[in-house]
Amino acid sequence: MEVAIEKSWKEILSPEFEKPYFEQLVKYLHSEKEAGKKIYPPGSKIFRAFELTPFDKVKVVILGQDPYHNPGQAEGLSFSVPAGVTPPPSLMNIYKEIETDLCVKIDDKNGSLEGWAKQGVFLLNAILTVRASEPTSHSKIGWEKFTDAVIKAISDNREGVIFMLWGNFARNKRDLIDKEKHFILEAAHPSPLARGAFFGCRHFSKANKILEERGESGIDWTI
């Protein structure tokens, strides 16, 4: 199939686009739209994480579950919302942890994580689309199979990538990652439902320490 996705990702993922499940996935999305269903994010932003973080630039992977399902929030990057949109509670907790961990101040009025993505933080949702007002409505239509292949491709073809797995859903992906080649940081989900269990994980300083010890630049988590 002809899929509009960033060139380096297209090269590495081209076998997936030819598989029957992916064709069925595309047909399902078309049928949803034909039935008048509102789907987030907009079609042009479904693969935005791939566009902003090419395959060979990935330093860190932060795995989310599925896009925000309210109007104007989903922009194709896990945990991120467009500039001007109020950051959701999980993102606010991420910001709080960064402030404590790194002794910095975050502009918590800005919920866009595009600045992270451009530095090599791959903000991947396991499910890349959602029906408006229906969380996880596009689970089990094929996206998980595709994004599992994405995680496996990173694990098999790159070295030293830092995977941040937050919450049980993300942690269940650990078996896709070669622990001998990569770094896995696990924590509770930043959602308020986790009652603060995310706080104190210090993943942001830990990631930068790993990168800097390898002679790479750390991530500026304040942008």
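Analyst: By class, the lining of the second largest pocket has 11 nonpolar, 4 polar and 5 charged residues. (Ala, Val, Leu, Ile, Met, Phe, Trp, Tyr, Cys and Pro count as nonpolar, Asp, Glu, Lys and Arg as charged, and the others, Gly among them, as polar.) The model is predicted: local features need pLDDT of at least 70, side-chain atom pairs count only at pLDDT 80 or more, and totals for chains, interfaces and linings use all residues. Residues are numbered from 1 along each chain as its sequence is written, and side-chain values use heavy atoms, leaving out hydrogens and water.

This pocket holds about 350 Å³ of space. (A pocket is an open set of points on a 1 Å grid over the protein atoms alone, where a 1.4 Å probe fits and protein lies on both sides within 12 Å along at least five of seven lines; lining residues have an atom within 4 Å of a point. Volume is the space filled by probe spheres set on points joined across faces, edges and corners.) Its lining has 20 residues. Val3, Leu29, Gly43, Ile46 and Phe47 lie nearest the centre. Helix H2 (20–34) and helix H3 (48–52) are the elements that give two or more residues to this lining. H2 gives the most, with 5 residues. (Helices, H or I with at least four residues, and strands, E with at least two, are DSSP runs numbered from the N terminus.)

Take Ile46 first. Ile46 sits in the loop between S1 and H3. At 12% relative accessibility, Ile46 counts as buried. (Buried means under 20% relative accessible area, exposed over 50%, partly exposed in between, with a 1.4 Å probe and protein chains only.) Leaving out residues up to four places away in sequence, Ile46 touches Pro41, Leu128, Thr129 and Trp143. (Contact means heavy atoms within 4.5 Å.) The C-alpha atoms of Ile46 and Asn125 are 10.0 Å apart, across 79 residues of sequence.

A cis peptide bond joins Tyr40 to Pro41, with omega about -10°.

Trp143 is the other partner to follow. Beyond neighbours within four places in sequence, Trp143 contacts Phe22, Leu25, Leu29, Ile46, Phe47, Ala126, Ile127, Leu128, Thr129 and His138. Leu29, Ile46 and Phe47 from this list are also among the residues nearest the pocket centre.

Next, the rings. A pair of aromatic rings is described by the distance of the centres and the angle of the planes. The whole structure has 21 aromatic pairs. (Rings of Phe, Tyr and Trp, using the six-membered ring of Trp, pair if their centres lie within 6.5 Å; planes under 30 degrees apart count as stacked, over 60 as edge-to-face and the rest as tilted.) Phe22 and Trp143 have ring centres 6.4 Å apart and planes at 80°, so the pair is edge-to-face. Phe22 belongs to helix H2 and Trp143 to helix H6 (residues 143–157), which makes this a link between distant parts of the chain. They are 121 residues apart in sequence, yet their C-alpha atoms are 8.2 Å apart in space. Both residues are buried. For Phe22 the relative accessible area is 2%.

Phe22 and Trp143 also share an aromatic cluster with Trp9, Phe17, Tyr21, Phe47, Phe50, Phe55, Phe122 and Phe146. Phe47, then, belongs to both the cluster and the group nearest the pocket centre.

The largest nonpolar core has 65 residues, and Phe50, Trp143, Phe146 and Trp221 have the most contacts inside it. (Such a core is a set of buried Ala, Val, Leu, Ile, Met, Phe, Trp, Tyr and Cys residues joined through side-chain atoms within 4.5 Å.) H6 brings the largest share of this core, 6 residues.

Lys140 lies in the loop between strand S4 (130–131) and H6. Its phi is near 70°, a positive value in a residue other than glycine. Lys140 counts as exposed, at 75% relative accessibility, whereas Trp143 is buried.
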